[in-house]
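This report describes a structural model and how its chains meet. The sequence and structure are shown first.

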Number of protein chains: 2
Amino acid sequence: MGRTADYSKESCAVAATLEVIGDPWTLLVIRDAFNGVRRFEQWQERLGVARNVLAARLKTLVRHGVLEPQAYSERPPRHEYVLTRKGKELSAVLLTMHGWGTKHLYGEEGSGVTFTHKACGHELDARVACACCGEIVQPRDLEMHVREGRLTVAEVLAKDEAA
Amino acid sequence: MGRTADYSKESCAVAATLEVIGDPWTLLVIRDAFNGVRRFEQWQERLGVARNVLAARLKTLVRHGVLEPQAYSERPPRHEYVLTRKGKELSAVLLTMHGWGTKHLYGEEGSGVTFTHKACGHELDARVACACCGEIVQPRDLEMHVREGRLTVAEVLAKDEAA
């Protein structure tokens, strides 16, 4: 993405994630994929993004295994893009962003989209929980550990593309 | 951020959030703020970002109430930037990004940073939970509702800056 150079020597999962999805168009492409969009023309029409930009973003997402091309026509050859398991696990990022924007930008009026948690019937107010014990966690409940000698962002992205 | 025009007519909390924090530098500025960085020179040194870019990002974050300037010297006048409550609630976005990058980019080797959930002693594997019932939620547990006539991204950002 051209911005790698500056923090490519860090070893940070946030910085590495931003290199893959950290572009507004990219995250909106993924948002629309969760809403059933699979084809180039659909994204283009919904987002109004330039065709060359959209093509480049889709290519990056395929290269990193977030989207997977699937043929839907042989003559002419056409394919659509579906979220992989890796791509689907970005739902947590999108839901926490949606939650923050709903609360802190839209406020009481609410935005154009809400989510109901079917099990309890309430509108989702997304929190982070620990998969191990199930408890909701706040930053104060966490202890951060810095470890030396781990792969840098540049190294981990090269590995991810080669995978 | 110059990209607003294209999706400014949507009413979407994700798109609005991306307008405020959706820039790799901005999210890394916020990440470092969680790690105790408060001063211009510290960010500049850690991130290696151009001074004019950093100044612009900090200004945007102050305008949207994510960071708050606090004077620490009167002569000469100097201030530092601290996370507001609104800013602190971005921890959920950063933790889910950290979790995704750790699992899907770094994999078994792990990145340079881990979080231990103090209450249960395990390394945090971040999930999204419903604040109301406390259950961990997957996309299939949610029902999406689209509502018409809500504020667009452009409108909500103008409101947020004026607040």
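## Model and confidence

This is a predicted model, in which local features need pLDDT of at least 70 and side-chain atom pairs count only at pLDDT 80 or more, while totals for chains, interfaces and linings use all residues. Residues are numbered from 1 along each chain as its sequence is written, and chains are lettered from A and ligands numbered from 1 in the order in which they are written.

The model scores ipTM 0.92 and pTM 0.92. The mean pLDDT (the predictor's confidence in each residue, from 0 to 100) of chain A is 91, and 96% of its residues score at least 70. Within chain A, H1(A) has the lowest confidence, with a mean of 55, and E4(A) the highest, at 97. Over residues 1-5 of chain A, pLDDT stays under 50, and the model has six contacts beyond four places in sequence for this stretch. Where pLDDT is low, predicted coordinates should not be read in detail.

## Fold of chain A

Chain A has eight helices and five strands. These elements are DSSP runs numbered from the N terminus: helices are H or I with at least four residues, strands are E with at least two. Their order along the sequence is α-α-α-α-α-β-β-α-α-β-β-β-α. Along the principal axes, the C-alpha atoms of chain A fill a box of roughly 55 × 45 × 30 Å.

## Symmetry

Chain A is superposed on chain B by a rotation of 180° with 0.0 Å of shift along the axis, at an RMSD of 0.0 Å. The two copies are thus related as by a two-fold rotation axis. The superposition is by least squares on the C-alpha atoms of residues with pLDDT of at least 70 in both copies. In chain A, the C-alpha nearest the axis belongs to A:Val128, 2.4 Å from it. Both copies use the same surface, as 100% of the contact residues of chain A recur in chain B.

## Interface

The contact takes 78 residues from each of chain A and chain B; residues are in contact if their C-beta atoms, placed from the backbone, lie within 7 Å. Elements of chain A that give two or more residues to its side include helix H2 (13-21), helix H3 (24-34) and helix H8 (153-162). H7(A) supplies the largest share, 15 residues. By class, this side has 43 nonpolar, 20 polar and 15 charged residues. Here Ala, Val, Leu, Ile, Met, Phe, Trp, Tyr, Cys and Pro count as nonpolar, Asp, Glu, Lys and Arg as charged, and the others, Gly among them, as polar.

Helix H7 (residues 91-106) of chain A packs on helix H7 (residues 91-106) of chain B at an angle of about 175°, with the axes 9 Å apart. H7(A) and H7(B) are therefore roughly antiparallel, a term for angles over 145 degrees. Axes are lines fitted to C-alpha atoms, for helices over the stretch in contact, and angles run from 0 to 180 degrees between N-to-C directions. Among the residues that meet are A:Met97 and A:Trp100 in H7(A), and B:Met97 and B:Trp100 in H7(B). This helix contact has eight nonpolar, four polar and no charged residues.

E5(A) pairs with strand E3 (residues 113-117) of chain B in the antiparallel sense over five bridges; pairing requires that DSSP find at least two bridges. A:His145 stands opposite B:Thr114 in E3(B).

## Cis peptide bonds

The peptide bond from A:Arg75 to A:Pro76 is cis, with omega near 0°. A:Pro76 lies in the loop between strand E1 (67-73) and strand E2 (78-83) of chain A. In chain B, a cis bond joins B:Arg75 and B:Pro76, with omega about -5°.

Definitions and conventions. Angles under 35 degrees count as roughly parallel, over 145 as roughly antiparallel, 65 to 115 as roughly perpendicular and the rest as oblique. Two residues are in contact if their C-beta atoms, placed from the backbone, lie within 7 Å.
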